[in-house]
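Visitor: I have a model open and would like to talk through it. Could you take my questions one at a time?

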Amino acid sequence: MNAAIRTLVLSLLLAPPAVVQAAGIDAQIERLAGEARAADPAFSAFSLERGAELHQRAFAGGKPDTPACATCHGKDPRQAGQTRTGKRIDAMASSVSPARYGDSEKVEKWFKRNCQEVLGRA
Ligand code: HEC
């Protein structure tokens, strides 16, 4: 996945600050920050504001019925979301869903799939 997109998305996952305490997310952030630095020496840090903005933004490059991450995950990462077919998706904030981000393969799988759907690229 594009390092800049990953950077923005991961910064979203830091919100709210309490989420930082969760075990799994720290390892993901460290791993992805390493990849971002390797891909772009100018990378300095994740941005909460840019991540939150990206989560809400409607993109034109993906599938028309899923313009934003928030389409399925909802605007508030502390609330449950739902798929297009109405299936519940547990809240993205690991302060609410502690099992989140424990598995790098799961994170990669869904980043790839969801970025393809929303942004039209992985
Ligand atoms: C079409 C609906 C849909 C859209 C749009 C969507 N997601 Fe997802 N996402 C899901 C589903 C379903 C899961 C897997 C179920 C779960 O983890 O609860 C998931 C899981 C994830 C995971 C894995 C979380 C974990 O626990 O490891 C991440 C990260 C993620 N999504 C990020 C995003 C981002 C970033 C975007 C926008 C670029 C996005 N999603 C847009 C439906 C969606």
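Visitor: Where is Phe59 found?
Guide: Phe59 sits in the loop between H3 and H4; helices (H or I, at least four residues) and strands (E, at least two) are DSSP runs, numbered from the N terminus. This is a predicted model, in which local features need pLDDT of at least 70, side-chain atom pairs count only at pLDDT 80 or more, and totals for chains, interfaces and linings use all residues. Residues are numbered from 1 along each chain as its sequence is written.

Visitor: Is Phe59 exposed, or partly exposed?
Guide: Phe59 is partly exposed, because 17 other C-beta atoms lie within 10 Å. A residue is buried if 20 or more other C-beta atoms lie within 10 Å of its own, exposed if 12 or fewer, and partly exposed in between, with C-beta atoms placed from the backbone.

Visitor: Which residues is Phe59 in contact with, leaving aside its neighbours within four places in sequence?
Guide: They are Pro67, Ala68, Val118 and Leu119. Two residues are in contact if their C-beta atoms, placed from the backbone, lie within 7 Å. Phe59 and Leu119 are 60 residues apart in sequence, yet their C-alpha atoms are 6.1 Å apart in space.

Visitor: And Leu119, where does that lie?
Guide: Leu119 belongs to helix H5. Leu119 counts as buried because it has 21 C-beta neighbours inside 10 Å. Gly62 is 57 residues from Leu119 in sequence, with a C-alpha to C-alpha distance of 4.7 Å.

Visitor: Which residues form the largest nonpolar core?
Guide: That core has five residues, namely Cys69, Ala70, Cys115, Val118 and Leu119. The elements giving two or more residues to this core are H4 and H5, and H5 gives the most, with three. A nonpolar core is a set of buried Ala, Val, Leu, Ile, Met, Phe, Trp, Tyr and Cys residues joined through C-beta atoms within 7 Å.

Visitor: On to the ligand. Which residues come nearest?
Guide: Of the 21 residues around the ligand, the nearest are Cys69, Cys72, Arg100, Trp110 and Asn114. A residue is near a molecule if its C-beta atom, placed from the backbone, lies within 6 Å of it. Helix H4 (69–73) and helix H5 (104–119) are the elements that give two or more residues to this shell. The largest share, nine residues, comes from H5.

Visitor: How many of the shell residues are nonpolar, polar and charged?
Guide: The shell around the ligand divides into 11 nonpolar, five polar and five charged residues. Here Ala, Val, Leu, Ile, Met, Phe, Trp, Tyr, Cys and Pro count as nonpolar, Asp, Glu, Lys and Arg as charged, and the others, Gly among them, as polar.

Visitor: What about Tyr101?
Guide: Tyr101 is in the loop between strand S2 (88–89) and H5. Its phi is near 60°, a positive value in a residue other than glycine. Most residues other than glycine have a negative phi. Tyr101 counts as buried because it has 22 C-beta neighbours inside 10 Å.

Visitor: Back to H3. Which residues there are buried?
Guide: In helix H3 (residues 48–56), Gly51, Leu54 and His55 are buried. Seen down the axis of H3, these fall within an arc of 100°, so they line one face of the helix; the arc is that of the directions from the helix axis to the C-beta atoms. Glu49 and Gln56, on the other side of H3, are exposed.

Visitor: In what order do the elements of the chain run?
Guide: From the N terminus on, the order is α-α-α-α-β-β-α. Buried residues make up 27% of the 122 residues in the protein chain.

Visitor: Finally, what is the mean pLDDT?
Guide: The mean pLDDT of the protein chain is 87, and 81% of its residues reach 70 or more. Over residues 18–22 the pLDDT is below 50. The pLDDT is the predictor's confidence in each residue, from 0 to 100.
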